[in-house]
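Trainee: I've just opened this one and I'm new to it. Could you walk me through it with some questions and answers?

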Amino acid sequence: MKVTVENVSSVKKIMNVEVPEETVVHELNEAYKALKKTAKIKGFRKGKAPRSVLEQLFKKDVHNDVSSKLIQDSFIEALKEADLDIVAKPEIDPPGLDVKGPYTYAVTVEIKPEIQDIDFKNLPLKKNLYHATDEEMDAQLKMLQKNLAKQTPIAEVRGVRENDFVLLDYEGFKNGKPFAETQKTENHTMKVGEGHILKEFDDQLIGMKPGDNREIKVKFPEDYHNAKLANQEITFQVTLHEIREEVLPEIDDEFAKNFGQYETLDDLKTAITKNLDEGYTKRAEQEMNEQIFKSLISKTEFELPDSMVDYELERIIEEVERTLAYHNKTMEDQGLTRESLLEQHRELAEKKVRRHLILDKIVQQENMTLSDEELENAFNDMAQGFKQPVEEIKKYYSQNNETLELFKQTLLEKQAIDLIIKNSTIEEVEPSLEQPS
């Protein structure tokens, strides 16, 4: 077998493989022998049809099968001979098979870029020392207070005002007919002025009294978040049932007991502070990671395989679709298309691939490995995070080898980041006033 490699780029190659004529002849002979034993041909007893007849009737199928077998048998050996570490499914357009001469085919492959050893030591990093503020504590408590708020009908007989809560029925019509996107909705609660449907809709509720019916006409803007309602003129039939007021609980020890294991308000505040601090720790780590990758990417140049970028793009788009589905929305609802998302997120995908390749290089460069104990600890952490038995986590990964290898690689990448930080020069600073806290 003869193998030659053409360089399309540093990460894209065309591998030309030539299978010797004697191998081609042997495989053709074996194929026709097997066919002769099973072929049913009128005028011939089973196993007695001459090869010339078999060739006349089955040549195309036999040649297709043999060419597929020749590629299958030779491809892995050719990769080893060419010493190529491919990162995606190869592109092969099998040529026709000639009876005489060697069989030659071309394979387009993408490989990992060759990256020179990376000098990751003594990076200058800044670590922001964030602290939970009284304002943040108040905001957290008010959010929890809001969650426990109750709404009760007002005693006063009056019309709707701005910031009132209302209970109403509504149905939207287009050209006098019910419109699917504004179907009949009963006993809907909303705060007037927040523009839950549209600010123009809220404005026309002002003055309505319980029991009133009103026709409200609105036109949705062209950039409305629901594409099916954008630029539509809709007439709503609205019935108002109640005007309500929001009653907030006092923020005290009794309030704190509503949230589980807390006996006093101070207990709740301690838990909130801990949660805020944990969030700030993660934020500081993420900021240092950004500094690390900005520095390493700037001084480490290499081409990216399109297949790796495309794979990362698919993962990003899948995450967008999962998020939308969680909120019962679709890309069409949001005025999004697959093409627009591919264009919008390509730069992010490229950045992610560069990060993975740089960390992978450092893992190899430093001969980093993952011990059984480290893997066991990671499984335990995951089990606690998902509140699942650790044996279930292990069972899942034992049945999904590709996912397990990806998980191990993620752990090694985390170790690489830890190693970089350990060898960096870190300056602890107070966050600047411009940075949101």
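Trainee: Let's start with a loop: between which strands does Asn122 lie?
Mentor: Keep in mind that this is a predicted model. Asn122 has a phi near 60 degrees, which is positive although the residue is not glycine. As for its place, look in the loop between strand 4 and strand 5 (124-128).

Trainee: Is Asn122 buried or exposed?
Mentor: A residue counts as exposed when its relative accessible area is over 50%. Asn122 has 58% relative accessibility, so the label for Asn122 is exposed.

Trainee: Which residue sits in the turn of the hairpin made by strand 7 and strand 8?
Mentor: Strand 7 (165-174) and strand 8 (177-178) have a loop between them, and two residues separate the strands of this hairpin. The pairing is antiparallel, over two bridges, and Lys174 has Lys177 as its bridge partner in strand 8. The turn residue with a positive phi of about 55 degrees is Asn175.

Trainee: And what is the relative accessible area of Asn175?
Mentor: The cut-off for exposed is over 50%. Asn175 passes that mark and therefore counts as exposed, its relative accessible area being 71%.

Trainee: How many residues of strand 7 are buried?
Mentor: Buried here means under 20% relative accessible area. Strand 7 is mostly covered, and of its 10 residues the buried ones number nine.

Trainee: Staying with strand 11, how far is the C-alpha atom of Glu246 from that of Lys146?
Mentor: Glu246 belongs to strand 11 and, leaving aside neighbours within four places in sequence, has contacts with Lys146, Ala149, Lys150, Gln151 and Phe165. Glu246 and Lys146 are 100 residues apart along the chain, yet the separation of their C-alpha atoms is 9.1 Å.

Trainee: Is Glu246 buried, exposed or partly exposed?
Mentor: Under 20% would be buried and over 50% exposed, with partly exposed in between. At a relative accessible area of 26%, Glu246 is therefore partly exposed.

Trainee: In the open sheet of four strands, which are the edge strands?
Mentor: The sheet is antiparallel, with its strands in the order 1-2-4-3. An edge strand pairs on one side only, which is the case for strand 1 (2-7) and strand 3 (91-92).

Trainee: Which residue of strand 2 is the bridge partner of Val3?
Mentor: Strand 1 and strand 2 run antiparallel, joined by six bridges. Across that pairing, the partner of Val3 is Val17.

Trainee: Now the whole protein: what is its radius of gyration?
Mentor: The protein holds 11 helices and 12 strands, and its C-alpha trace spans about 100 × 65 × 40 Å along the principal axes. For 437 residues, a compact globule would come out near 22 Å, but the radius of gyration of the protein is 34 Å.

Trainee: Last one: what share of the residues counts as buried?
Mentor: The protein exposes about 28,000 Å², with 47% of that supplied by carbon and sulfur atoms. Among its 437 residues, the buried share is 34%.

Definitions and conventions: Residues are numbered from 1 along each chain as its sequence is written. This is a predicted model: local features need pLDDT of at least 70, side-chain atom pairs count only at pLDDT 80 or more; totals for chains, interfaces and linings use all residues. Side-chain values use heavy atoms; hydrogens and water are left out. The radius of gyration is taken over C-alpha atoms; the globule rule is 2.2 Å times the number of residues to the power 0.38. Buried means under 20% relative accessible area, exposed over 50%, partly exposed in between (1.4 Å probe, protein chains only). Accessible areas come from the Shrake-Rupley method with a 1.4 Å probe; for residues, only the protein chains shown count as cover. Two strands pair if DSSP finds at least two bridges between them. Contact means heavy atoms within 4.5 Å.
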